[in-house]
Amino acid sequence: MKFAVINDLHAHFDPGSKATGYLEANRRAEWMLGQFEKGGSMTDVDFVILAGDMIHGENLPTITTEMKAFKERLDRLVLPYYPVCGNHEIQQAEGNADYEQPYRDAFGDDRFDYVIPADPVEIVVLNNAGTFHVTKERREERYLALKRLLATRPKVPKILVCHIPLVCVRDHDVLEESFGFISYRCLDRELLDLVEAPDSPVKLVISGHLHLTGMTERKGIKHLSTAGTASFPHDYALLEITNDDIQIEVCNLPEYLHEPASNIHGPPRYPEGYTDEAHFSHQTYLCGAAAERSFKIPLK
Ligand SMILES: [Fe+2]
Ligand SMILES: [Fe+2]
């Protein structure tokens, strides 16, 4: 069982789109999706997960047209794909029916919180894209959804995929500043409590949103956030699952597609590139150390 996780494409394929977004994001999104089309280099994976911020969006009319254009593009993929709702799909308005409608129109009503079977594990997808901005009703619904999805086959190891990381993959205060938005981690603490419950079947949590690549371990559970394609350093992940373990490799887009000015944790957004205690260079802060980019999780 092999699959790819791609995230934060921030595509704006609608030709009439006025979204400015990330420098040349469409070029990298085109390349990434092209790997799963006929003649692409990754058509041997079993499926691909789109871990949020597929489109750039910005406001409801643009979200509507961009989502439609993106879905048309996805129809060219030669393998199954599974969407995850990101904040740019709904402009943070988790629980708002109007903002969630374009995503429902593209993918169906059952693609917010659901399970992807991937024997010998299960992949649980959860929409936490509106952290902090989430409606009271949706917050409760999402908690109950995660509780139910984790409890349905409690003995089967699980990978949770949610757009916004549940923990900080960099020093808390540094990450809060370098990311610059309140959603530098999921602020709805009850989700992490479920994931970290004593008999939790969760082995790995995969997210995006930060536009940097990092992995950290907490209470025996690994949390990976991949940079995605829109922002430098332009990463995606490949996972292979056997009966014995989960092997994770973070991969980089070809160098000719790189656009260092799309970095959101350093110049030109900030005068200096951020670093933290465990990441002395800005390059490592952005890309993660080798052990954050390639690691194994035993299943037995
Ligand atoms: Fe993003
Ligand atoms: Fe995001």
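**Close-up views of a predicted model**

**View 1. Helices H2 and H4 are roughly parallel to each other (angle under 35 degrees).** The axes of H2 (residues 60–74) and H4 (residues 97–107) come within 9 Å and cross at roughly 10°. Axes are lines fitted to C-alpha atoms over the stretch in contact, with angles from 0 to 180 degrees between N-to-C directions. Helices are DSSP runs (H or I) of at least four residues, strands (E) of at least two, numbered from the N terminus. H2 contributes Leu60, Ile63, Thr64, Met67 and Lys71 to the contact; H4 contributes Asp98, Tyr99, Pro102, Tyr103 and Ala106 (contact: backbone-placed C-beta atoms within 7 Å).

The model is predicted: local features need pLDDT of at least 70, side-chain atom pairs count only at pLDDT 80 or more, and totals for chains, interfaces and linings use all residues. Residues are numbered from 1 along each chain as its sequence is written, with chains lettered from A and ligands numbered from 1 in written order.

**View 2. Helix H5 (residues 136–152) buries Arg138, Arg142, Leu146 and Leu150.** Buried means 20 or more other C-beta atoms within 10 Å of the residue's own, exposed 12 or fewer, partly exposed in between; C-beta atoms are placed from the backbone. Down the axis, the buried residues fall within an arc of 100°, so they line one face (arc: directions from helix axis to C-beta atoms). The face turned away carries exposed Lys136, Glu137, Leu144, Arg148, Ala151 and Thr152. Cover over the buried residues includes strands E5 (121–126), E6 (158–162) and E7 (202–207), and helix H7 (190–195).

**View 3. Glutamate 58 sits in the loop between strand E2 (47–50) and H2.** Glutamate 58 counts as partly exposed, with 17 C-beta neighbours inside 10 Å. Glutamate 89 is 31 residues from glutamate 58 in sequence, and 8.6 Å away, C-alpha to C-alpha.

How values were computed
Angles under 35 degrees count as roughly parallel, over 145 as roughly antiparallel, 65 to 115 as roughly perpendicular and the rest as oblique. Two residues are in contact if their C-beta atoms, placed from the backbone, lie within 7 Å. The expected span of a helix is 1.5 Å times one less than its number of residues.
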